[in-house]
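Reader: I would like to learn how to read a model of this kind feature by feature. Could you take me through the general ideas and then the case at hand?

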Amino acid sequence: MDSILTSSPRIGNGYDVHALKEGLPMRLCGVDVPSDKGFVAHSDGDVAIHALCDALLGAAALGDIGLHFPDSDPRYKGIDSTKLLSEVVAMLSREGNPEGSRRYQIVNVDITIALQEPKLRPFIDTMRETLAGIMNIDIDQVSVKATTTERLGFVGRGEGCEVWASALIIPDNEYKY
Ligand code: MG
């Protein structure tokens with residue numbers, strides 16, 4: 001029996017932080033961003049994709065990125081995070097996902113990146129396009145926003161990057177978008 005709760009749209013949120021270090025590559029939303037500093041990480045450090053994966057998994061109540069892709073597993077060392085996002089999208093859409101029952105469509109996602117520098121504005125549309133392609137949705141279903149923290153806190157001091165993501169998903173059979 002379907003309850004109103006299981007037949008309604010579902011919202012999820014995700015959050016991630018990665019430290020910045022001189023001389024490492026910076027990749028955000030699958031896009032390489034020229035920068036003096038990049039992310040310290042077990043994977044490629046794409047902190048925005050990690051937050052997005054957690055938002056999508058959270059919306060489907062399928063755990064979190066650490067559960068599915070543990071950083072103790074050598075298979076994920078240096079991995080391209082776009083592959084993790086593809087996996088998460090597959091978990092939501094395929095029959096036999098980890099919970100075994102539901103298939104979902106992504107209605108929209110919204111990402112906020114807090115980074116002191118560099119300015120991300122020139123990369124935002126490529127980021128949206130890249131994420132939309134991986135998730136098989138339209139670019140207008142993907143929002144990527146960037147902010148500084150006015151030089152306050154660890155983000156403001158250039159020590160790290162902080163990302164929040166939200167995702168709305170709906171059971172496949174109700175998708176009339
Ligand atoms: Mg991470």
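Reader: Is Ala61 buried, partly exposed or exposed?

Author: The general idea is a scale of relative accessible area, computed with a 1.4 Å probe on protein chains only, where buried means under 20%, exposed means over 50%, and partly exposed lies in between. In this structure Ala61 has 49% relative accessibility, so Ala61 counts as partly exposed. The model is a predicted one, in which local features need pLDDT of at least 70 and side-chain atom pairs count only at pLDDT 80 or more, while totals for chains, interfaces and linings use all residues. Residues are numbered from 1 along each chain as its sequence is written, and side-chain values use heavy atoms, with hydrogens and water left out.

Reader: What is the phi of Ala61, and where does Ala61 lie?

Author: Phi of Ala61 is near 55°, a positive value in a residue other than glycine, and Ala61 lies in the loop between H1 and H2. Such element names come from DSSP runs numbered from the N terminus, with helices (H or I) of at least four residues and strands (E) of at least two. Glu150 also has a positive phi near 55°, and Glu150 sits in the loop between S6 and helix H5 (153-156). With a relative accessible area of 67%, Glu150 is exposed.

Reader: How many helices and strands does the chain have, and in what order do they run?

Author: The chain holds five helices and seven strands, and from the N terminus on they follow the order β-β-β-β-α-α-α-β-α-β-α-β. Of its 177 residues, 45% count as buried.

Reader: How should I read the length of helix H1, and how many of its residues are buried?

Author: A helix can be set against its expected span, which is 1.5 Å times one less than its number of residues. H1 (residues 47-59) has 13 residues and reaches 18 Å from its first C-alpha to its last, close to the 18 Å expected. Because 12 of those 13 residues are buried, H1 is largely enclosed by the rest of the structure. The buried residues of H1 include His50, Leu52, Leu56 and Leu57.

Reader: Which residues of the largest nonpolar core touch the most other members, and which element supplies its largest share?

Author: In soluble globular proteins, nonpolar side chains tend to be buried together. A nonpolar core is taken here as a set of buried Ala, Val, Leu, Ile, Met, Phe, Trp, Tyr and Cys residues joined through side-chain atoms within 4.5 Å. The largest such core has 51 residues, of which Leu28, Leu56, Leu85, Ile113, Met127, Leu131 and Met135 touch the most other members. Among the elements that each supply at least two residues of this core are helix H3 (81-93), strand S5 (104-114) and helix H4 (124-135), while H1 gives the largest share, 10 residues.

Reader: Which protein atoms are the donors of the magnesium ion?

Author: Donors are N, O and S atoms within 2.8 Å of the metal (3.2 Å for Na, K and Ca), and since water is not among the atoms, sites may look incomplete. Here the protein donors are Asp16 (OD), His18 (NE2) and His50 (ND1), lying 2.1 to 2.3 Å from the magnesium ion, and along the chain they follow the spacing D-x1-H-x31-H. Asp16 counts as buried at 19% relative accessibility, and His18 is buried at 12%.

Reader: What is the volume of the largest pocket, and which residues lie nearest its centre?

Author: On a 1 Å grid over the protein atoms alone, a pocket is an open set of points with protein on both sides within 12 Å along at least five of seven lines, and lining residues have an atom within 4 Å of a point. Grid points are joined across faces, edges and corners, and the volume is the space filled by probe spheres set on the points. The largest pocket has a volume of about 240 Å³, and of the 15 residues that line it, Ser43, His50, Ile65, Phe69 and Asp71 lie nearest its centre. Strand S1 (10-22) gives the most to this lining, with three residues.

Reader: Which peptide bond is cis, and where is its proline found?

Author: The peptide bond from Glu117 to Pro118 is cis, with omega near 5°, and Pro118 is found in the loop between S5 and H4.

Notes
1 Å grid on protein atoms, 1.4 Å probe; cavity = no way out; pocket = protein on both sides within 12 Å on 5 of 7 lines; lining within 4 Å.
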